[in-house]
Amino acid sequence: MNETESMSKEHAVTHRDDEGARMGMWIFLFTEIFFFGTLFLVYAVYRYMHPAEFHAASLHLDTYIGAMNTAILLTSSMTMSMAVTALKQGNHVLSSRLIGLTLLLAFFFLLNKFFEWDHKFLLKIYPGSDLMLSLKNGYVLFFGLYFFMTGLHALHIVVGIVLLSICFVKVKKGLIHSGKNVLLQNSTLYWHLVDLIWIFLFPLLYLIT
Amino acid sequence: MKEKQNEYLVHAKVLIVMLILTAMNITLATVHHGWWTPGAIIFVACIQAFIALVWFMHLRWDSFLYRILVGGVFFVYLLVIVLLFFDYKLR
């Protein structure tokens, strides 16, 4: 192997494009914004068509659980931002603890969502149930959208948990550090998007009655 | 050291503002009733989204290119809403 070949081999190993990675993450987030944004538009159109039924159906949702979930997600966004700050300052221990706290908050969110959905199922409120089939179209549409949008959001939370768990392990092992932290930054961006989606989901489903 | 602590304080302040806005939204929904209430609730949610984008998602400290791109995406989304409105109304 001559000198040029060995130098190019070194370059291939050490080259990183952090800015490109961040830009790629933002482009992915744009697709997610359009994805959920379209669902919000579907909700808006059906709400305009069935205002009374949407109003009555949304009264079945518990505003306090929704508010608690909002507080949980907002706090988790803060802890993730702090985790990135801590890592940039070289404080791996604090960063990993903050990521751990974010994961705990995410699990609480999913737990709340589980109890909420469980309560609905007990009341036979789910798509395709005999109760739903006997109600007017507006109710069916509202609850169909409710389960689809919150279910999709919960799926995004699960993906976020997987990403953050990977970051947690890597920060602990020192594989993510102040000089190489684009994975944590991108995972944090994803988590903030999940929070951003809930910021709109909560008022649309729970508050606009 | 003080600068380092200030960064954490900024995050905490942003969270407090977000929680206050959430409480404001809940109050609007449960106490006040009027034709303007849904619009006001969505407006408060948009403010929360803006704060999350600028402070939590770091747009405030990012390059101008990111701000243009994000602004462009929301502009396109607004365009879709306007087109949908006219499409639905003129059917």
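In which segment of chain B does B:Arg91 lie?

## Basis of the model

This is a predicted model in which local features need pLDDT of at least 70 and side-chain atom pairs count only at pLDDT 80 or more, while totals for chains, interfaces and linings use all residues. Residues are numbered from 1 along each chain as its sequence is written, chains are lettered from A and ligands numbered from 1 in the order in which they are written, and side-chain values use heavy atoms, with hydrogens and water left out.

## B:Arg91 and the segment after α3

B:Arg91 belongs to the segment after α3 (64-89) of chain B. Helices (H or I, at least four residues) and strands (E, at least two) are DSSP runs, numbered from the N terminus. With 72% relative accessibility, B:Arg91 is classed as exposed; buried means under 20% relative accessible area, exposed over 50%, and partly exposed in between (1.4 Å probe, protein chains only). The C-alpha atom of B:Arg91 is separated by 36 Å from that of B:Arg67, and the two residues are 24 residues apart along the chain.

## Contacts of B:His11

B:His11 is placed in helix α1 (residues 2-30) of chain B. Its relative accessible area of 6% makes B:His11 buried. Leaving aside residues up to four places away in sequence, B:His11 touches A:Met78, A:Ser81, A:Met82 and A:Thr85 of chain A, together with B:Phe56; contact means heavy atoms within 4.5 Å.

## Aromatic rings

Over all chains, the whole structure holds 19 aromatic pairs. Rings of Phe, Tyr and Trp (its six-membered ring) pair if their centres lie within 6.5 Å; planes under 30 degrees apart count as stacked, over 60 as edge-to-face and the rest as tilted. One of the pairs joins A:Phe35 and A:Phe36, which is tilted because the planes stand at 50 degrees, with the ring centres 5.6 Å apart. A:Phe35 is partly exposed at 36% relative accessibility, whereas A:Phe36 is buried at 1%.

In chain B, the rings of B:Phe85 and B:Phe86 make an edge-to-face pair, 5.5 Å centre to centre and with 75 degrees between the planes. Both residues are partly exposed: B:Phe85 has a relative accessible area of 47% and B:Phe86 one of 45%. In chain A, one aromatic cluster is formed by A:Trp117, A:Phe121, A:Tyr126, A:Tyr146 and A:Phe147.

## Nonpolar surface patch

A:Leu101, A:Leu104, A:Phe108, A:Leu111, A:Phe114 and A:Phe115 make a nonpolar surface patch of about 590 Å². Patches are made of residues with over 30% relative accessible area and no salt bridge, where like charges are joined within 9 Å and nonpolar side chains (Val, Leu, Ile, Met, Phe, Trp, Tyr) within 5 Å. A salt bridge is a side-chain nitrogen of Lys or Arg within 4 Å of a carboxyl oxygen of Asp or Glu. Accessible areas come from the Shrake-Rupley method with a 1.4 Å probe; for residues, only the protein chains shown count as cover. A:Phe115 lies in helix α5 (residues 92-122) of chain A and is partly exposed, at 48% relative accessible area.

## Backbone angles in loops

A:Lys124, although not a glycine, has a positive phi of about 65 degrees. This residue lies in the loop between α5 and α6 (130-134) of chain A.

B:His58 is likewise not a glycine and has a positive phi of about 70 degrees. Its place is in the loop between α2 (37-56) and α3 of chain B, and at 27% relative accessibility B:His58 is partly exposed.

## Cysteines

A search of the whole structure finds 0 disulfides over all chains, a disulfide being a pair of cysteine sulfur atoms within 2.5 Å. A:Cys167 is buried at 0% relative accessibility, and B:Cys46 is partly exposed at 38%.
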